[in-house]
Amino acid sequence: MEDNKFSETHRAVYYEGDKSGRVTMAMLINMIILVSTDQSDHLGLTEKHLSDLGFGWVITQYLIDVERMPHIDEKLTLTTEAVSYNRFFCYRDFWVHDEEGNECARVHAVLVLMDHETRKMVRVLPEVIEPFGAEYTRRIERLENPVGISDEDTVDFKKSYDVRFFDIDPNQHVNNSRYFDWLLDSLTEEFLMSHNLKHMNIKYEKEIHYGHKIDSIVVIKNDGLLTHHQIKIGDDVYCEADCEWTER
């Protein structure tokens, strides 16, 4: 631990990769969530402790920058830091480095504390955030929202998915990493094999639960270097994302 940062190593294993041998975005998110969970456990703020209080952490937005996606069998260093918080929002950063110390990816996350019974966010409890050493601020970050998809856009691809029992996490809604598979799988194999994800802005609007049927919609722009995504149930938008790509 350096200052308020917490790090651990992780070997990327075969089931965390896709057919190209690279770690998937969903699995990268699972890795960084694991290191933040381990930091919480280290501080005695376990998920069970938080659940016993009737609360759980919920991520509302990620800003993700990718230098390169790690390959399977790489030894990685995962680092996280709870940076700051205000009355309702907490801000956490993550870094993924390879064995030579090169940065593979960095992630900025916005979290809120959710009441399990009302399913609404509540004011951040000092006892669940102060041990992380994050700075209290009155300022609320004004992050750019994803552009999303307008009625004037022509949809390029659309896929539907049933929400399974195994998609649900202990907070009783779809695990936030599952959205990445739905969002990116709407693109074609040819596209995914010929492009590298450079930047992603994803914002969660509403909870998705067991038994829902979702539509994953994508619009491709800028000669394939920019994609706009939505996850919808009927006419309601549950998640939006923008992705910037480079050609592989």
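Residues are numbered from 1 along each chain as its sequence is written, and side-chain values use heavy atoms, with hydrogens and water left out. Because the model is predicted, local features need pLDDT of at least 70 and side-chain atom pairs count only at pLDDT 80 or more, whereas totals for chains, interfaces and linings use all residues.

Secondary structure was assigned from DSSP runs, with helices (H or I) of at least four residues and strands (E) of at least two, numbered from the N terminus. Strand β1, which spans residues 5–11, presents a covered face made of F6, E8 and H10 and an uncovered face made of K5, S7, T9 and R11. In a regular strand the side chains alternate between the two faces of the sheet. Strand β1 runs antiparallel to strand β3 (residues 75–85), to which it is joined by seven bridges; strands are taken as paired if DSSP finds at least two bridges between them. Within this pairing, L78 of β3 stands opposite E8.

When neighbours within four places in sequence are left aside, the contacts of Y62 (heavy atoms within 4.5 Å) include I29, I32, I33, V107, F180, M200 and Y204.

Exposure was classified by relative accessible area, with buried under 20%, exposed over 50% and partly exposed in between, for a 1.4 Å probe and protein chains only. Residue F165, located in the loop between β8 (157–162) and α4 (178–185), is exposed because its relative accessible area is 58%. Together with F166 and Y210, F165 forms a nonpolar patch on the surface with about 440 Å² of accessible area. Such patches are made of residues with over 30% relative accessible area and no salt bridge, with like charges joined within 9 Å and nonpolar side chains (Val, Leu, Ile, Met, Phe, Trp, Tyr) within 5 Å. Residue D235, in the loop between β11 (226–233) and β12 (236–247), likewise counts as exposed, at 72% relative accessibility.

Side chains of opposite charge can pair when their charged atoms come close. With a salt bridge defined as a side-chain nitrogen of Lys or Arg within 4 Å of a carboxyl oxygen of Asp or Glu, the count comes to 13. In one of these, the closest N and O atoms of E189 and K19 are 2.4 Å apart; E189 lies in helix α5 (residues 189–194) and K19 in the loop between β1 and α1, so that the pair ties together parts 170 residues apart in sequence. Here E189 is partly exposed at 48% relative accessibility, while K19 is exposed at 63%. A salt bridge of 2.9 Å, N to O, links K48 and D52, which are both exposed and, being four residues apart in helix α2 (residues 47–52), are separated by about one helical turn. In the salt bridge between R164 and D167, the closest N and O atoms are 3.0 Å apart; R164 is partly exposed at 44% relative accessibility, whereas D167 is buried at 2%. Salt bridges with shared partners also join E67, E103 and R106 into one network.

Technical notes:
Areas by Shrake-Rupley, 256 points an atom, 1.4 Å probe, with all protein chains shown as cover.
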